[in-house]
Amino acid sequence: MLAHDIISTHPDVRGNTNDALIHCIEECYSCAQACTACADACLGEQDVNRLRQCIRLNLDCADICAATGAIASRRTGSNEAVIHAMLEACALACRQCGEECRRHAEHHEHCKVCAEACRRCEEACREAMRTVAH
């Protein structure tokens, strides 16, 4: 809700918000946090070597989600093509990370939670892409 509140006050927005994009911003930041925490939890597991790819994809996804959330939050001027490309990259990172986390979800609850966060973010990115020109 904070994303909507702050973006709707922007002088270039004047209350006309892109709700799909705002929802995506919120999901991006949520997913970035989940992926960061999952990577850290993976590092604490006994079978950490088996989780190396999961850790890598968690960290990549967290970085991409955070960057996408930041870029999509900027409303001064226009850079719709870059926003669209970031949304596309974020959806891909979330899909890959989510798939990897699902492989470990049976044995690691943090991977199950992270996979769900990735699924929600991927869906939000794909929905927002439909609302952003490219």
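In this predicted model, helix α2, formed by residues 19–44, and helix α3, formed by residues 52–73, have axes that come within 8 Å and cross at roughly 155°. Since angles over 145 degrees count as roughly antiparallel, α2 is therefore roughly antiparallel to α3. The crossing of these two helices, α2 and α3, is left-handed. Where α2 meets α3, the contact comprises 20 nonpolar residues and five polar ones, with no charged residues.

A second pair is formed by helix α4 (residues 80–104) and helix α5 (residues 109–129), whose axes come within 8 Å and cross at roughly 155°. The helices α4 and α5 are therefore roughly antiparallel to each other, and their crossing is left-handed. On the α4 side, the residues that make the contact include Leu87, Cys90, Ala91, Cys94 and His104; on the α5 side, they include Cys111, Cys114, Ala115, Cys118 and Met129. Classified by residue type, the contact of α4 with α5 has 14 nonpolar, three polar and five charged residues.

Histidine 104 belongs to helix α4. Is this residue, histidine 104, buried or exposed? The relative accessible area of histidine 104 is 5%; a residue counts as buried under 20%, and histidine 104 is therefore buried. When neighbours within four places in sequence are set aside, the residues in contact with histidine 104 are Arg50, Leu51, Cys54 and Cys111.

Key:
Residues are numbered from 1 along each chain as its sequence is written. This is a predicted model: local features need pLDDT of at least 70, side-chain atom pairs count only at pLDDT 80 or more; totals for chains, interfaces and linings use all residues. Side-chain values use heavy atoms; hydrogens and water are left out. Axes are lines fitted to C-alpha atoms, for helices over the stretch in contact, and angles run from 0 to 180 degrees between N-to-C directions. Helices (H or I, at least four residues) and strands (E, at least two) are DSSP runs, numbered from the N terminus. Angles under 35 degrees count as roughly parallel, over 145 as roughly antiparallel, 65 to 115 as roughly perpendicular and the rest as oblique. A crossing is left-handed if the near helix is turned anticlockwise from the far one by less than a right angle, and right-handed if clockwise. Contact means heavy atoms within 4.5 Å. Ala, Val, Leu, Ile, Met, Phe, Trp, Tyr, Cys and Pro count as nonpolar, Asp, Glu, Lys and Arg as charged, and the others, Gly among them, as polar. Buried means under 20% relative accessible area, exposed over 50%, partly exposed in between (1.4 Å probe, protein chains only).
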